[in-house]
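Here's a quick walk through a two-chain model, written for someone who likes to check things against the atoms. Have a look at the display first, then read on.

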Amino acid sequence: MTVLANGRERAGEDAAAQRDALSVERLSLAVGHGDAAVPLLADVTVRVGRGETVGLVGESGSGKSLTARSALGLLPRGARATGRVEVAGVDVLAADRRTLRELRRTRASMVFQDPRAALNPVRRIGDYLTEGLRARGTPARDAAARALDLLDRVGIRDPAGALRRYPHEFSGGMLQRVVIAGALSTEPDLLLADEPTTALDVTTQAEVIGLLRRMQRAHGTGMLFVTHDLDLAAAICDRVYVMYAGRVMEESAGASLFTAPAHPYTRGLLEAGPSVRGEKAAIRPIRGRPRALAEAPGGCSFRDRCPLAGDDCAEAVPAYRTHGASVVACLRPERVAP
Amino acid sequence: MTGNTPADTGGSAVADGAARPVLRVTSLVKRFGDVTAVDGVSFDLMPGASLGIVGESGSGKTTTARVLAGLERPTSGTVELDGRVVAGPEAGRPAARGGTRGRVPGGGARRDRLWRASRLQMIFQDPYGSLDPRQTVARSVAEPMRLHAPGPAAGRRARVRELLDQVGLSERAGGSLPRDLSGGQRQRAAIARALAVRPRVLLLDEAVAALDVSIQAQILTLLDGLRRDTGISYVFVSHDLAVVRHVTETAIVMRHGRVVERGGTERILREPRHPYTRLLLDSIPSPDWDLDRVARDRRALDRL
């Protein structure tokens with residue numbers, strides 16, 4: 001695990017050999033100017049290694065989707081960004097439109113919550129799956145063969161027939177498989193999955209996750225998995241970042257997030273969610289409601305909802321420190337996980 | 001279903017002398033054209049009890065809820081509410097077993113609707129749907145009282161304050177329009193409005209599904225407290241087994257319109273008997289999540 005606090009210096013020569021799929025360093029985002037400026041993200045550092053699965057977890061307004069989208073250069077209208085975003089060696093914030101288009105076409109793909117929003121309803125599935133390949137110069141016949149193979153591998157029955165069908169002829173789960181097939185058709189370095197299974201039934205979710213994992217492993221694709229579901233993140237991710245009010249609160253190895261949360265917010269989330277396994281335990285709500293960065297208090301953003309907060313939490317944004325298997329922005333992690 | 005025995009098949013006679021169910025659903029069927037959305041659903045809900053209806057999309061759980069709320073007419077079967085048949089061939093008459101309790105108010109669909117609404121209220125996933133966007137929350141909460149119990153405005157105002165307090169909304173929130181409140185506050189407002197007529201049954205359809213985890217916990221805690229304090233009964237419709245475990249004592253699991261498993265919620269989660277229930281449980285992510293087992297469950301179900 002990287003230490004979040006120190007921006008990593010990288011030697012240029014061997015960067016290509018060991019470069020990350022995604023590196024977001026101290027990214028801050030704001031819209032508007034002067035007194036009317038609204039901050040959205042502050043000092044967000046997120047890294048996804050090659051072939052790694054990394055979770056980005058948080059509630060509404062945490063900035064998890066904004067962070068993921070920034071990797072494709074998809075910033076809110078009029079947003080000003082500072083920091084650095086690099087995907088497969090491309091400096092995204094400095095890139096021109098053509099470079100970004102090329103990046104989205106070949107190096108980085110995205111899967112959204114609603115597959116119907118990602119597909120043009122009046123175009124056939126076959127067109128959707130071959131357009132990325134055709135744009136890279138693959139001959140039509142080869143592209144069609146590749147699309148057929150992809151549909152077969154994501155478990156669509158009668159793939160040849162499916163190529164000729166329209167999105168409305170598929171269920172949500174089947175359509176999300178098609179979108180995943182399309183997203184991985186170019187064998188990208190990075191897959192951004194923004195709540196890809198939230199709209200699906202729980203049994204379908206398990207199948208789609210299994211598919212994502214298999215495809216990702218086969219291609220060595222790094223995946224940034226954005227979700228509000230802590231259980232899901234801990235189940236499939238190598239590492240997890242927990243975001244709150246536009247900042248990263250904790251970075252942890254996937255499984256140890258459950259056994260040893262180091263931030264009061266992470267622990268609060270775990271205690272607030274009812275569980276289906278083990279002894280039936282009382283749930284403990286976190287007081288107040290989730291905040292966006294613009295409405296969060298100074299110092300630690302979580303301090304107005306935190307049971308451990310003291311006066312010192314208001315003085316400055318807590319620096320990241322290592323505690324157990326976590327890197328955490330809290331002054332008293334030892335009181336969260338002794 | 002009384003929930004006294006885990007294997008209770010529902011629809012059995014109420015124990016002698018014991019409290020009678022506040023809600024009894026018998027062999028409920030709802031067809032839309034050729035599609036049978038609900039296929040022979042039966043259960044009993046006792047006063048102060050909480051029953052979960054679990055299922056995925058297409059299971060018929062929401063259609064069942066809509067029939068209970070009177071938003072859809074059943075194709076066959078009956079719904080008895082508070083001792084009176086409110087849906088089915090003999091709707092409007094006292095239930096056969098209801099004895100003298102259910103008096104037939106003379107005619108009128110509107111009166112029937114009012115009668116039902118005074119005993120059963122529904123909470124939806126999106127509270128926007130149950131609140132008038134142009135009215136303050138306090139006025140929305142007062143509205144059902146004006147309909148059901150016309151009386152002096154001062155009395156209503158006091159009751160509105162009491163209700164807002166009960167669901168944890170400030171007076172300032174009461175004076176706000178729905179759009180100025182957060183999702184959690186809006187769901188609180190919808191609950192206050194539903195409680196205004198002192199119903200015996202609250203029907204919650206994915207009522208906490210759209211809320212953030214920390215807010216969901218606040219609403220679940222509120223629901224716990226309300227049931228403890230008022231003795232109201234819940235029918236809790238949800239796809240989320242963890243939430244159902246927290247809110248209910250008994251549950252039915254639905255698939256393709258049918259009840260495939262019923263019993264105590266804890267028993268269902270610990271020793272699921274139907275392969276579909278097992279699939280649902282194994283599909284829930286956990287640190288030792290076994291996706292191969294999910295695939296095996298699915299195949300076992302297909303063989304059925």
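What share of the 304 residues in chain B is buried? Buried residues account for 53% of them. Keep in mind throughout that this is a predicted model.

## Chain A in outline

Let's start with the overall build of chain A. Its secondary structure consists of 12 helices and 12 strands. The C-alpha trace spans about 65 × 50 × 40 Å along the principal axes. The radius of gyration is 21 Å, which agrees with the value near 20 Å that a compact globule of 338 residues would have.

Of those 338 residues in chain A, 52% are buried. Take the contacts in chain A between residues at least 6 apart in sequence: 65% of these join residues at least 24 apart. The accessible surface of chain A is about 14,600 Å², with 48% of it belonging to carbon and sulfur atoms. On the charge side, chain A carries 46 positive and 40 negative side chains, and the centres of the two sets are 4 Å apart.

## Chain B in outline

Chain B has 11 helices and 10 strands. Its accessible surface is about 13,600 Å², and carbon and sulfur atoms supply 48% of that. For contacts in chain B between residues at least 6 apart in sequence, 64% join residues at least 24 apart.

## The nonpolar cores

Which residues touch the most other members of the largest nonpolar core? They are F225(A), I191(B) and F236(B), in a core of 111 residues. Apart from that one lies another core of 32 residues, including L29(A), V85(A), L192(A) and V226(A).

Y265(A) sits in helix α12 of chain A, which runs over residues 264–272. Its relative accessibility is 0%, so Y265(A) counts as buried. Setting aside neighbours within four places in sequence, Y265(A) is in contact with E59(A), V242(A), M243(A), Y244(A), I286(A) and F302(A).

T204(A) belongs to helix α9 of chain A, residues 202–219. Is T204(A) buried or exposed? It is buried: the relative accessible area of T204(A) is 19%, and the cut-off for buried is under 20%. Leaving out residues up to four places away in sequence, T204(A) touches G173(A) in its own chain, plus E56(B) and R298(B) from chain B.

Most residues other than glycine have a negative phi. R26(A) has a positive phi, near 45°, and D43(A) has a positive phi too, near 50°.

Where do these two sit? R26(A) is in strand β1 of chain A, residues 22–31, while D43(A) is in strand β2 of chain A, residues 38–48. R26(A) is partly exposed, with a relative accessible area of 48%. D43(A) is also partly exposed, at 30%.

E143(B) is part of helix α3 of chain B, residues 137–148. With 29% relative accessibility, E143(B) counts as partly exposed. Leaving aside neighbours within four places in sequence, its contacts are Q135(B) and R193(B). The C-alpha atoms of E143(B) and R156(B), 13 residues apart along the chain, are separated by 9.4 Å.

A295(B) is found in helix α11 of chain B, residues 291–303. A295(B) has a relative accessible area of 33%, so it is partly exposed. How far apart are the C-alpha atoms of A295(B) and V197(B)? They are separated by 48 Å, with the two residues 98 apart along the chain.

How values were computed:
Residues are numbered from 1 along each chain as its sequence is written. Chains are lettered from A and ligands numbered from 1 in the order in which they are written. This is a predicted model: local features need pLDDT of at least 70, side-chain atom pairs count only at pLDDT 80 or more; totals for chains, interfaces and linings use all residues. Side-chain values use heavy atoms; hydrogens and water are left out. A nonpolar core is a set of buried Ala, Val, Leu, Ile, Met, Phe, Trp, Tyr and Cys residues joined through side-chain atoms within 4.5 Å. Buried means under 20% relative accessible area, exposed over 50%, partly exposed in between (1.4 Å probe, protein chains only). Helices (H or I, at least four residues) and strands (E, at least two) are DSSP runs, numbered from the N terminus. The radius of gyration is taken over C-alpha atoms; the globule rule is 2.2 Å times the number of residues to the power 0.38. Contact means heavy atoms within 4.5 Å. Accessible areas come from the Shrake-Rupley method with a 1.4 Å probe; for residues, only the protein chains shown count as cover. Lys and Arg count as positive and Asp and Glu as negative; His and the chain ends are not counted. The place of a charge is taken as NZ of Lys, CZ of Arg, CG of Asp or CD of Glu.
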